[in-house]
Protein chains: 2
Amino acid sequence: MLKECNILIVGLGLLGGSYARGLAKAGCKQVFAIDLDQEAIRFAKEAGYIRDGRTSGFEPLVQAAQRVVFALYPTALEDWVRRWGHLLRPGCICTDVSGVKAGLVETVQGLLPAGVEFIASHPMAGKEVSGVQNAHLVDFAPANFLITPTDKNTPEGLEFARQLARLLGFAHIRVLSCAEHDRMIGYVSQLTHAIAVSLMCAPGAERFAEYTGDSFRDLTRIARINETMWAELFLWNKENLIGEIDEFATRLETLKQCLKTGDRAGLEAMFRQSTQARAAFDKKEKEE
Amino acid sequence: MLKECNILIVGLGLLGGSYARGLAKAGCKQVFAIDLDQEAIRFAKEAGYIRDGRTSGFEPLVQAAQRVVFALYPTALEDWVRRWGHLLRPGCICTDVSGVKAGLVETVQGLLPAGVEFIASHPMAGKEVSGVQNAHLVDFAPANFLITPTDKNTPEGLEFARQLARLLGFAHIRVLSCAEHDRMIGYVSQLTHAIAVSLMCAPGAERFAEYTGDSFRDLTRIARINETMWAELFLWNKENLIGEIDEFATRLETLKQCLKTGDRAGLEAMFRQSTQARAAFDKKEKEE
C-alpha cells in the first residue's frame, strides 16, 4: 500500500507541494521532500504536508525512498537524475509531473540504476500561480491524470501511478504513449497558450481593457504564464507545437480569405463545423 | 420618463426578448413587439414581457411608438427601416443592439423621416443560445452598454440610450465613436471568435475531447456560434477584422520563429509581456 511507503518529493513547487499536501491528507505519514529553498521546506513541514525535508545533505532521504515523485522542470529532472540517481535503491519506483514526455522519459529511464523503475505521468492540473504556498489552490478533483508507460515499465510501476492518482483524487486516469501524449498536449494545451500569449501581446491591448467581455477574458486568462516553465515545455515539444501552429494558422487564413472575398457561405460552413465540434466536446464531457 | 413611454421592440429574438423582459421587470407597462414568428409573440405575451405584439398589420404599433429598439441583424435593420421607417412619427427616438456600427448607423439615420432620431447602441451581453425563450439567460448586470452617437444625435437621444441602459441594469455605460467601436470590437470580440472557430475546426479535434483541460474549454466555448449572425457581423466589419487577424498572425509567427531557432530568451520575453498585459486587465477590472 502506498500509504505505508516512504515517499520522497523532489521539488516542492506548486505541483510538488500539492502532491505532498494531497498525500498527507490521504493519510500518508512518510512523505519527505527535497528542495533548493529552505523556506519551501519550512512551510511544507509547518503545514503538515511533509514529515521532513532537506535542501542539502539529502542522501539518506534518497536512499530510504521507496517511491519518488520528481516535481521538476524537464531539464532539471534530467540533471537531477544524472547527478543523484545512483543513490536510489533497487525496488524504488519513481514518477514525475512533466508536461512533455518523448525524449525525456527514455533518457531518465536510461540513467537510473538497475532495479529502479521510472513510470512517467502528467497531472493536468495547473494554475496561474507558483510555489508550495499556493498548493492549496490546485484542484485535482476535475482533472485528468495521464500515464505514459514505455516497454521498460512493469505492472507494478503502472499500479503505483494508478494508486497515486486515486489517492490524490483525480477524476480520470488515462494511459497513452509518450508520442500520443506530446501530440495531444501540443494541441490542447500548448497551442492554446501560444494563442493566448499572441492575443495578449497586441500593442496597446490595455486600452481595450474596459470593453472586454467574458469571451476575451476566458481566452486570455492563460496568458498569465510562468515564463521559465512554459519556454522549457514549448522547446521540449517544439516539433509538435510548430505543426499545430502551422495548421491553426492555415485555418485562420482560410477564414480571412472568406472575409476578403465576401464568401458568406464559406464563413457559415466554418461556423457550423466549429459549433458541431464544440458540441461534441460538451457531449463527451457530460457522458463522463 | 422611459417607464411611461410606448416602447416598440422590433425583433423578438434573444436580445429583443431580453430587452422586453428587462423593461417589463423594470415596470414599463407599454412594451409592444413585432416579429416574423407568431410563437415568439405568443411566448413573450404569456411570459409578461410585452403587452401585445404582431407579425403583420403592425402599422398602428409603429405609428404609436415613442421609443423603438431594433433588435435585428444589421442587414435586416437596414431593410426594415427602408421599408417601414416612414411610419415612425416625429419625436420618436430609436436605438438598436447591433454589434457593428460604421456604415450602418449613418445609413439608418439617413433613411429615417425628419424628426425621428436614431441613437445607436450595443449591449455587450451575448449568449451561445438564441430565441426569446432563452431571454432569461441573458445577464446585463456585469455587461458594458456602448453608445455610439454621431453628429446627428441630440442630448435627448443620448439620454434615452442612457436611461435604457440604467433601466436594464448594465454595469457600465460607455460612449465612443462608431469607428472606435468597430475597431475595438474587431479585436476583443470578433478576433477572439475567429480564433476559437479556427481552433475548433482542427480535423479530428474530437479525438482529444477526453484530454481537454480548463484552458481549452475556455478558449473554445465561444466556438459554438450563431452562424448567420456572426457571418453577417464579420462581413460588416471585415476591414477591421482582417487587420486584427493579420497582426495576430504576425505575433504567432514571431513565437513560432522563436521555437524554430530555439530562442528561449525571445519566448520568455513574449511570455513576460503577455503576463504583464493580462495583469493590467485584471487590475482595471478590479478597480471598476
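# A walk through the predicted model

Helix H7 (residues 178-200) of chain B packs against helix H9 (residues 227-236) of chain B at an angle of about 120 degrees, and their axes lie 11 Å apart. That angle makes H7(B) oblique to H9(B). The contact brings together B:Ser189, B:Gln190, B:His193 and B:Ala194 of H7(B) with B:Trp230, B:Leu233 and B:Phe234 of H9(B). H7(B) passes H9(B) in a left-handed crossing.

Residues are numbered from 1 along each chain as its sequence is written, chains are lettered from A and ligands numbered from 1 in the order in which they are written, and side-chain values use heavy atoms, with hydrogens and water left out. Helices (H or I, at least four residues) and strands (E, at least two) are DSSP runs, numbered from the N terminus. Axes are lines fitted to C-alpha atoms, for helices over the stretch in contact, and angles run from 0 to 180 degrees between N-to-C directions. Under 35 degrees counts as roughly parallel, over 145 as roughly antiparallel, 65 to 115 as roughly perpendicular, and the rest as oblique. A crossing is left-handed if the near helix is turned anticlockwise from the far one by less than a right angle, right-handed if clockwise. Contact means heavy atoms within 4.5 Å.

Now take chain A as a whole. It has 11 helices and 9 strands. Its C-alpha atoms fill a box of roughly 70 × 45 × 35 Å, taken along the principal axes. Of its 288 residues, 56% are buried (under 20% relative accessible area; exposed is over 50%, partly exposed in between, with a 1.4 Å probe and protein chains only). Among contacts in chain A with a separation of 6 or more, 72% join residues 24 or more positions apart.

Start with helix H1 (residues 14-25) of chain A. Its 12 residues reach 16 Å from first C-alpha to last, close to the 16 Å expected at 1.5 Å a residue (1.5 Å times one less than the number of residues). H1(A) is mostly covered, with 9 of its 12 residues buried. Among them are A:Leu14, A:Tyr19 and A:Leu23. The cover includes strand E1 (7-10), strand E2 (31-34) and helix H6 (155-168) of chain A. Just after H1(A), A:Gly27 takes a positive phi of about 105 degrees.

Further along chain A, the axes of helix H4 (residues 74-84) and helix H5 (residues 104-111) come within 9 Å and cross at roughly 10 degrees. That makes H4(A) roughly parallel to H5(A). Residues that meet include A:Leu77 and A:Val81 in H4(A), and A:Leu104 and A:Val108 in H5(A).

Helix H10 (residues 238-261) of chain A holds A:Glu239. At 62% relative accessibility, A:Glu239 counts as exposed. Its C-alpha atom is 31 Å from that of A:Leu259, 20 residues apart along the chain.

In chain B, helix H10 (residues 238-261) has 24 residues and reaches 34 Å, close to the 34 Å expected. Its buried residues include B:Phe248, B:Leu252 and B:Leu255. B:Gly262 follows H10(B), with a positive phi near 65 degrees.

Not counting residues up to four places away in sequence, B:Leu255 touches residues including A:Ala194, A:Phe234, A:Ile245 and B:Phe271. The largest nonpolar core has 88 residues, and those with the most contacts inside it are A:Leu255, A:Phe271, B:Leu255 and B:Phe271. Such a core is a set of buried Ala, Val, Leu, Ile, Met, Phe, Trp, Tyr and Cys residues joined through side-chain atoms within 4.5 Å.

How values were computed
This is a predicted model: local features need pLDDT of at least 70, side-chain atom pairs count only at pLDDT 80 or more; totals for chains, interfaces and linings use all residues.
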